[in-house]
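Visitor: I have not seen this structure before. Could you take me through it?

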Amino acid sequence: MPLQYFEKWVHTCHTDSIDCVAFSEDGVFLASGSMDGTVVICNAACGTVLHIIHCRSGVLALKWAPTRLHEVWCGLGDGRLLCIITKIQTLCFRAHSYPIEHLAFDHSGLKLATGAQQELKVWRYLSPDRLRHVNDLSPPGAASLTAQEPTLVTSLHWLHSGDDAGCLLVTYLYQGITGHADLSPDETRIAIFNQHNGVDVYKIPGAIWLKSYRFQIRDNIILPVYWIDEGLRLMTGSDSGTVCLWNAKNDAQLPPLLHGEIHEIALSAHYDFVTHTCRIATGTAEHGPRTSIRLFETKELREAGETRGLRATHRSHYWASGLNLIQWDSEL
């Protein structure tokens with residue numbers, strides 16, 4: 001029987017485009033950020049709104065801090081970086097000259113990378129009200145085809161295993177060639193949304209093409225792509241009101257999640273290993289009453305002896321000009 005997700009709840013607390021949603025590490029809370037300048041934190045199980053925090057500008061990125069369950073960091077449209085513990089804003093300062101669209105913590109929660117268009121910075125966490133700036137990382141040299149175009153950060157990922165643990169993996173946008181990207185949990189594959197016809201998956205290290213998942217993209221916009229269920233499945237947003245799902249083992253397309261004729265630009269997922277429950281949250285790029293967060297849920301049976309959560313040991317110092325991938329050691 002095909003895997004099925006069921007809509008569990010909807011909330012409409014935002015009034016403008018929802019650019020980010022994120023589950024807390026334990027899956028208890030769901031945070032969402034909107035261009036209306038609000039962060040909404042709700043109970044992920046039932047959708048009850050717990051806190052609404054008003055920010056100085058639109059909220060473009062959210063990241064819960066590992067090991068600190070009630071601490072969420074926000075990237076704002078005016079370049080400010082904001083830390084919220086429960087509902088109290090403990091730190092807010094201008095970290096970039098451009099809107100902050102990407103945040104990434106390492107597993108310890110002590111290294112934070114922030115991306116704002118062509119700017120990339122690394123910070124050291126000292127306390128909820130104090131960060132230390134460690135480094136500004138320059139973008140790679142532009143290829144001749146795009147030498148006059150800006151080099152924009154599209155995703156940030158800390159590596160946690162093997163000899164390269166502690167290194168930062170970054171993807172960049174060159175004229176729509178590389179859009180949003182996500183690293184698989186075992187750090188052996190990277191899925192990249194390419195703005196033209198779907199998602200491409202590459203093996204790392206080496207940036208070796210493995211497969212592609214094609215679907216129609218009408219508006220040539222950057223959409224999110226994420227590995228879910230410990231890398232067993234892949235999901236992407238769309239510009240047609242659906243969330244596309246694929247089985248990464250056999251490449252079969254799963255039944256889509258329906259959200260109406262609306263752009264899906266914010267996605268997040270959480271898997272509970274105790275209850276074998278997978279939850280997916282979706283957010284829409286709309287204004288007014290059509291702006292909503294929806295949560296879908298499924299429960300599934302695991303085959304006896306199935307191996308999950310393995311992490312590969314590998315080295316991956318490389319530069320792949322075709323994908324615009326580069327990796328730095330932050331040397332913190």
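Visitor: How many helices and how many strands are in the protein chain?
Guide: This is a predicted model, and what follows is computed from it. The protein chain has 332 residues. Its count of secondary structure elements is 0 helices and 28 strands.

Visitor: What share of the residues counts as buried?
Guide: The chain exposes about 14100 Å², of which carbon and sulfur atoms supply 51%. A residue is buried when its relative accessible area is under 20%. By that cut-off, the buried share of the 332 residues is 56%.

Visitor: Which strands stand at the edges of the open sheet of 4 strands?
Guide: The strands of this sheet run in the order β2-β3-β4-β5, with antiparallel pairing. From one strand to the next, the twist averages 15°. An edge strand here has a single partner, so one of its sides is left without a neighbour in the sheet; the strands in that position are β2 and β5 (49-54).

Visitor: Which residue stands opposite G33?
Guide: β3 and β4 pair in the antiparallel sense, over 5 bridges. G33 faces a residue of β4, namely V39.

Visitor: Which residues touch the most other members of the largest nonpolar core?
Guide: This core has 16 residues. The elements giving two or more residues to it are β2 (18-23), β3 (29-34), β4 (38-43), β6 (59-64), β7 (71-76) and β8 (80-85). Another core, of 15 residues, lies apart from it and has W73 and L112 among its members. In the largest core, the residues with the most contacts to other members are V39, I41, V59, L62 and C74.

Visitor: What does L62 touch, leaving out residues up to four places away in sequence?
Guide: L62 belongs to the largest nonpolar core. Contact here means heavy atoms within 4.5 Å. The residues L62 touches are C20, V21, A22, A31, S32, G33, V39, V72, W73, C74 and L103.

Visitor: Which cysteine has the sulfur nearest to that of C92?
Guide: C92 is partly exposed, with a relative accessible area of 25%. C92 is in no disulfide, and the nearest cysteine sulfur is 7.4 Å away, in C55.

Terms used: Residues numbered from 1 in each chain as written. Predicted model: local features only at pLDDT ≥ 70, side-chain atom pairs only at ≥ 80, totals over all residues. Heavy atoms only, no water. Core = buried A, V, L, I, M, F, W, Y, C linked by side-chain atoms within 4.5 Å. Buried < 20%, exposed > 50% of the residue type's maximum accessible area, 1.4 Å probe, protein only. Areas by Shrake-Rupley, 256 points an atom, 1.4 Å probe, with all protein chains shown as cover. Pairing = 2+ DSSP bridges. Axes fitted to C-alpha atoms, helices over the stretch in contact; angles between N-to-C directions. Disulfide = S-S within 2.5 Å.
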